[in-house]
Amino acid sequence: MTLPRTWDLFGGSHLPHRLLLLARMMDRATMQQLQEHFGLTLAEWRVLAFICSVGPASAADIGTAFEADRAEVSRAVKRLIDAGMIERNNNEHNRKRQIISALPTGRAIFDRARKMRGDYFEFILQDIDAPTRDALNDALRKIAVRVRDPKP
């Protein structure tokens, strides 16, 4: 696959544009894999991945974690419930907020999908050595902190 035509649109110093393009490319690849192998959408995967990794959570917690729209999370939760992968129960501390947790079927799909996603990430990162990966992760973390807490 070739890079998007707009990769160099703003020059090499416009990192946000390239990060956005790369994220969209990776999202497309992820969507294709998840749909083809598991019948999941990207939103459904994110819900399932969150509760299988972090533990039971509210839809609001999941939306905040992925900076996702409430309606998108709600639709994903409904489809996962209908598919028998997750369940939603009342929260004993807050009756307005329900807690979502994985069922055994959802956990099994998550485990298989996580393995497949890990293999894919190893494939796309195979040309980048460990110190460079660490430096890239550190640089991205620093950028994220500045975006979250901009001080002029």
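Predicted model: local features only at pLDDT ≥ 70, side-chain atom pairs only at ≥ 80, totals over all residues.
User: Is H2 mostly covered or mostly open, and which of its residues are buried?

Analyst: Burial here is a relative accessible area under 20%. By that cut-off H2 is mostly covered, with ten of its twelve residues buried, among them Trp45, Leu48, Phe50 and Ile51, and also Glu44. After the helix comes Gly55, whose phi is positive, near 120 degrees.

User: What is the volume of the largest pocket, and which elements line it?

Analyst: The largest pocket has a volume of about 1600 Å³. Its lining holds 38 residues, of which Leu19, Leu22, Ala23, Met26 and Leu140 are the closest to the centre. Two or more lining residues come from each of H1 (15–38), H2, H3 (59–66), H5 (104–124) and H6 (130–148), and the largest share, 14 residues, belongs to H1. By class, the lining comprises 27 nonpolar, three polar and eight charged residues.

User: How does the lining of the second largest pocket divide by class, and which element gives the largest share?

Analyst: The second largest pocket, with about 310 Å³ of space, has a lining of five nonpolar, four polar and six charged residues. Helix H4 gives the largest share, five residues, while Ser58, Ala59, Ala60, Arg70 and Arg88 lie nearest the centre.

Definitions and conventions
Residues numbered from 1 in each chain as written. Heavy atoms only, no water. Buried < 20%, exposed > 50% of the residue type's maximum accessible area, 1.4 Å probe, protein only. Helix = DSSP H or I, 4+ residues; strand = E, 2+ residues; numbered from the N terminus. 1 Å grid on protein atoms, 1.4 Å probe; cavity = no way out; pocket = protein on both sides within 12 Å on 5 of 7 lines; lining within 4 Å. Points joined across faces, edges and corners; volume = space filled by probe spheres on them. Nonpolar A, V, L, I, M, F, W, Y, C, P; charged D, E, K, R; others polar.
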